[in-house]
Amino acid sequence: MLKQFDLSRTAVLEPWHLELPPASVTVCHVKTGKQLQEPSWAAVRLKTVKRTERSPRTGELSPVERPAADLLLAAGRAALEYRNAPGTAVFSPFRRGLIAHYPAAELLIRAFLRRVCLPLPKPAVCIHIREEASQVDEQALSEAAVQAGAGRVFLYSEPFPALLAFARSSKELQSAVILHIDSLS
């Protein structure tokens, strides 16, 4: 596993994360045909984290308290129930089909995989990657899927129906899960 995505550290939730439009996430189990299509809303419990930050004006270090995502409470449409709950935030961890908030994206992928393929312990996962994605974006999506419970990760850029047809004909992908993250805006 890569150590650059340290999940033991709580990721600070910046105000711009809360304003991202949701992506549409389609998860499909190739063998069973079970399919789930949800918006990428994540409801998280917030906690306050003390950090030391440098002042842009003076350059001095000072302690600052920031909100951080602590625990996933709900995923998809169910997350909207927590929109006005105190001590929670509802946001999309994806921006234009790519990861914007890694810890929440990993938890969201894990929740969606559990809904679609509960009996499979470590399924192969095919993830749609946008053409303008960099290698860092590809690595982040792959690593988030592995951390979420995927055994092997395949990246693809074809349309969803074409990949589904290919996966059904491929022996290696017949029990795979397809994860298609598409921007709604």
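Predicted model: local features only at pLDDT ≥ 70, side-chain atom pairs only at ≥ 80, totals over all residues.

User: What's the strand order in the open sheet of 3 strands?

Analyst: The order is β4-β3-β5, and the pairing is antiparallel. On average, neighbouring strands are turned by 45 degrees against each other, direction ignored.

User: How many bridges between β3 and β4?

Analyst: 13 bridges, with β3 covering residues 42-54. Within that pairing, T48 sits opposite P67 of β4.

User: Which helix lies across those strands?

Analyst: Helix α1, residues 102-116, lies across β3, β4 and β5. It runs at about 5 degrees to β4.

User: Switching to charges. How many salt bridges are there?

Analyst: The structure has 5. E38, R77 and R115 form a linked network of them.

User: Where do R77 and E38 sit?

Analyst: R77 is in the loop between β4 and β5, and E38 is in strand β2 (residues 35-39). They are 39 residues apart. Their side chains meet at 3.4 Å, N to O.

User: And E38, buried or exposed?

Analyst: E38 is buried because its relative accessible area is 11%, under the 20% cut-off.

User: What about E38 and R115, how far apart in the chain?

Analyst: 77 residues, with R115 in helix α1. That salt bridge is 3.2 Å, N to O. R115 is partly exposed, at 33% relative accessible area.

User: What does R152 pair with?

Analyst: E172, at 2.7 Å, N to O. R152 lies in β9 and E172 in the loop between α3 and β10, so the pair ties together parts 20 residues apart in sequence.

Technical notes
Residues numbered from 1 in each chain as written. Heavy atoms only, no water. Pairing = 2+ DSSP bridges. Helix = DSSP H or I, 4+ residues; strand = E, 2+ residues; numbered from the N terminus. Axes fitted to C-alpha atoms, helices over the stretch in contact; angles between N-to-C directions. Contact = heavy atoms within 4.5 Å. Salt bridge = Lys/Arg side-chain N within 4 Å of Asp/Glu carboxyl O. Buried < 20%, exposed > 50% of the residue type's maximum accessible area, 1.4 Å probe, protein only.
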